[in-house]
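Please read them beside the model.

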Amino acid sequence: MFRVSINRSVGIVNNKCPLIFLKRETEERWDDIRRCYVEECFWKSTNAGFLCTIPYDSLPIKRNYLLVAPDNINQFNLIMDNKTSETTFSIHAVKSSSVNDTILIFNQVINRYTTTPNIYHTMELLWFLNFENIEVDILEKALSLFKADPSSLLVRYIKECSVCLSYFKQSQIKTFLDNHGGYNIYYPSFLVEAVSESLPHESYKELRYNLFALISILLGITQTERFKIVDFQSGSNPLLLLKRWLNDESFTYTDFLFIERIISFLSPDAQFLIIKRYFLDVYKGRCVYDSDFLSRLSNNKYHRFQTYRNSIYAPSQAIDLTVPMLIDSINTYISTNGAMLQQFDGILDKFIRNTDPFYVNVDFGLSQLLPVCNGGAVYNQREFKGFIDFHIIFSVNNYDDRKEQTKAIYNFLDSHFKRARISSCSLKFGNRLKYCSECEAANPACYSSAHSKYCSECNMLKTEIYDKWIIPQNHPCREAIMSLVNHDKAFSNDETILSIQRLDDSDFVTRLKEYIGRFTVNANTGFAVKYSKMQNLMSVSEFITFHTIRFWIRNNIYFGRNILNLSEDNDTKYTSENIQREKQVLRQLLAKSLEQELGTKFNSSGKIEIKYDEIKLRKVMSKYYYVSSDEDDSKDIPFLVSRSIKFKKFCAPEYENNYNAATSLPFFWCRGKECFKNSLSCETLATVPSWRQYSLLHILEILGYPQLTGTPAGNQPSVTIRAFIALINRAKQIVSRLSCRECGHLMYPAGKTVFNMYNYFSCSNPSCKEFSKSVYLSFCNSCKKGLIDSRDNAQCPNNWYICPSCLGCCNDSVIERQIQKYVISNRPVPYRLAQMRGKGHNDKKIFYCPVCGTKLENEVIMIHDVEERDILVCHQCGYKKENNRF
């Protein structure tokens with residue numbers, strides 16, 4: 001028994017007819033036994049209102065989609081009506097042998113008939129007829145339970161949608177429908193001929209493939225091992241000629257009327273393939289571009305077959321609008337003389353006309369029309385340790401005079417540690433505990449008596465004792481102290497008070513060099529230390545002098561991502577020869593850059609030296625991506641790698657004359673990172689490998705409208721392309737809110753405004769409590785980014801909705817523009833709009849709460865008692881927003 005739980009946080013459309021589509025989904029999980037990731041398949045609901053995860057193998061049906069229904073409809077209805085505490089119900093796969101399941105299917109047709117456009121009335125019915133056996137007697141029993149009007153409706157829709165089924169199933173449907181007015185089997189003659197020629201050992205009457213699958217197989221788009229396809233290079237069958245045209249670039253095909261007829265039977269990918277092939281012929285001069293032909297491909301009398309195909313192969317999934325978007329974009333671009341590719345209202349119109357109102361989801365096909373980011377070539381932040389490495393050369397200070405050594409030790413101890421203090425009696429000892437700096441430097445032995453002057457019987461005063469320092473257990477310089485102390489006067493791990501006598505002796509410099517030698521290598525002019533060990537030396541910096549920085553270029557670095565096109569292989573197939581070639585080019589670029597930066601030349605050993613300059617060093621480290629590391633150079637590491645992409649991002653960079661400071665290579669700024677190689681290198685006709693890789697960019701170039709311009713960093717798209725991507729992204733934001741929050745049904749335009757039909761929407765589900773209630777959806781007039789939803793945002797006193805992003809509502813100039821729209825179009829200005837004249841809010845620094853509509857008050861608050869912050873506060877609901885825009 002499998003159970004489904006109710007997710008009441010979203011609207012559920014199917015509360016009258018509880019049919020649920022499950023989709024096969026694959027997930028990766030870590031297998032502790034095999035010590036690797038393994039794939040597991042599950043059935044998951046496509047309706048967000050129902051939640052379930054069922055192991056794929058637990059059901060005997062092997063498909064990508066499955067239609068299920070509750071085991072107990074009465075219990076399900078009680079759950080949906082909140083008349084029981086239960087939140088889960090058991091389900092089963094619908095069966096054609098069940099009268100109850102067939103009734104549920106029929107009820108869904110009637111339910112859709114009352115709420116959805118005509119094209120989607122038969123989704124569940126057609127899926128059921130295609131994948132389940134046709135049980136004529138069960139269909140008759142189920143139909144007999146309906147009254148005359150709904151029964152006639154059901155018969156009508158069964159006739160309409162069965163035309164795409166296999167000949168075998170249509171024959172069975174005919175047996176059923178002959179009792180209800182008759183049915184004519186739809187099986188085009190071109191298909192009969194194509195089966196006879198390509199499958200000579202098969203009978204079209206016995207094939208179990210629906211028209212969509214069979215056409216795809218005969219065209220060679222879908223591969224099957226069930227039988228061998230015979231290829232003919234001659235003949236007149238339009239379907240087989242179309243196949244040859246798709247596979248032979250030199251073949252000329254002229255039956256475009258047949259393409260109009262057949263294209264709706266194909267998948268969106270196959271449709272796009274045919275359009276690409278058509279534009280190849282336009283490019284080669286074999287035919288003349290015909291905009292009317294292109295328009296008929298997305299709007300003809302066979303268009304309903306596209307919906308039938310979606311019902312069978314992608315039920316309840318996002319509607320793929322790749323081809324309609326492509327065709328409309330081309331026509332819009334030409335009609336507007338290149339000003340735009342789409343209009344916002346046109347995008348929404350295509351979505352609303354094509355989407356399934358029960359499953360509000362859409363794929364605008366942008367990833368097919370435009371190049372998607374392939375990860376580019378960005379800085380390898382995880383592994384790359386920089387182009388250069390270096391040593392800092394230094395020497396240990398020599399002290400000819402013992403006094404100089406003593407003074408240096410005092411400076412060292414005072415710079416890192418606090419002086420120790422003792423308690424003494426000022427009355428008894430007077431001023432004898434005060435010592436001058438000359439005394440402590442000249443005669444350290446004079447302090448030895450200070451420790452005996454402790455008095456425990458009178459008032460205490462804290463007085464510094466000048467030859468002792470406190471050495472905390474966790475102090476970073478404690479390790480150096482332990483090494484520098486005279487071995488005969490060892491400083492134990494438990495001690496915290498250090499006297500100068502333990503350090504200051506004739507062997508101090510020897511011990512100092514022994515300590516330094518643990519972190520350095522010998523150099524001709526002193527000691528050399530890597531930057532990663534500098535922290536150890538900084539604790540004894542008072543005794544050493546830095547004088548030289550010696551740089552060299554790392555031997556294990558190469559570019560990566562083939563940005564110089566030195567290799568014909570892609571990034572994942574680099575050979576050692578390719579890497580060596582890139583290393584050589586990179587070393588040449590870096591050597592030139594370093595010599596310019598440092599103002600000197602490399603020596604014969606491949607090193608370049610400058611006088612020690614900490615400011616200069618930090619600049620070079622930053623410029624050449626230096627990261628402190630103790631790793632060796634045995635492993636080759638690329639400078640550039642592919643960016644990790646979780647979601648599809650469209651490649652639309654803009655070049656601003658950027659050059660990498662270290663390598664002098666040009667780059668694009670892409671989402672805050674340097675990108676040295678975008679996805680547009682093959683987006684011109686001169687560089688595309690095959691017509692099969694055509695995108696919208698290639699097609700526009702064929703029509704004489706190139707959209708790419710070359711830059712030192714690579715191709716960049718036109719402003720029109722970037723505006724197109726931005727427009728689609730804005731449309732997606734609106735689309736994501738077009739579901740009724742009560743029932744989940746698609747909301748349709750309510751047409752309340754004169755100048756824009758796509759500002760007000762309403763639910764068209766008559767059984768929903770929100771039926772016909774208008775919802776205002778629009779982007780903010782002020783910031784252009786905030787999305788206003790009347791279900792979430794309040795109105796100001798002028799009845800303008802308040803933007804949740806910028807708090808914009810109305811101002812005098814916006815109100816005047818609205819009035820002028822009516823004046824210019826010779827329409828009467830509405831009274832309420834005329835009354836607003838001069839009463840705008842935002843231009844007068846008046847703002848209202850987007851949550852409750854209360855006027856916001858300006859307040860100044862302190863951040864950490866230091867920084868003043870100006871904020872707007874709602875005293876009604878507590879809403880706060882920083883007032884940093886005005």
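How many cavities of 30 Å³ or more does the count come to?

1. The count comes to six. A cavity is a set of points, on a 1 Å grid over the protein atoms alone, where a 1.4 Å probe fits but cannot get out. Points are joined across faces, edges and corners, and a volume is the space filled by probe spheres set on them.

2. This is a predicted model: local features need pLDDT of at least 70, side-chain atom pairs pLDDT 80 or more, while totals for chains, interfaces and linings use all residues. Numbering runs from 1 along each chain as its sequence is written, and side-chain values use heavy atoms, without hydrogens and water.

3. The largest cavity has a volume of about 210 Å³. Its lining counts 19 residues, and His 303, Gln 306, Asp 320, Pro 324 and Asn 354 are the closest to its centre. Lining residues have an atom within 4 Å of a point.

4. Nine nonpolar, nine polar and one charged residues make up that lining. Nonpolar covers Ala, Val, Leu, Ile, Met, Phe, Trp, Tyr, Cys and Pro; charged covers Asp, Glu, Lys and Arg; the others, Gly among them, are polar.

5. The second largest cavity holds about 70 Å³. Among its lining residues are Lys 385, Arg 554, Glu 631, Asp 632 and Asp 633. By class, the lining has two nonpolar, three polar and five charged residues.

6. Beyond neighbours within four places in sequence, Ser 198 contacts Leu 218, Lys 228, Ile 229, Val 230, Phe 232 and Leu 240. Contact means heavy atoms within 4.5 Å.

Definitions and conventions
1 Å grid on protein atoms, 1.4 Å probe; cavity = no way out; pocket = protein on both sides within 12 Å on 5 of 7 lines; lining within 4 Å.
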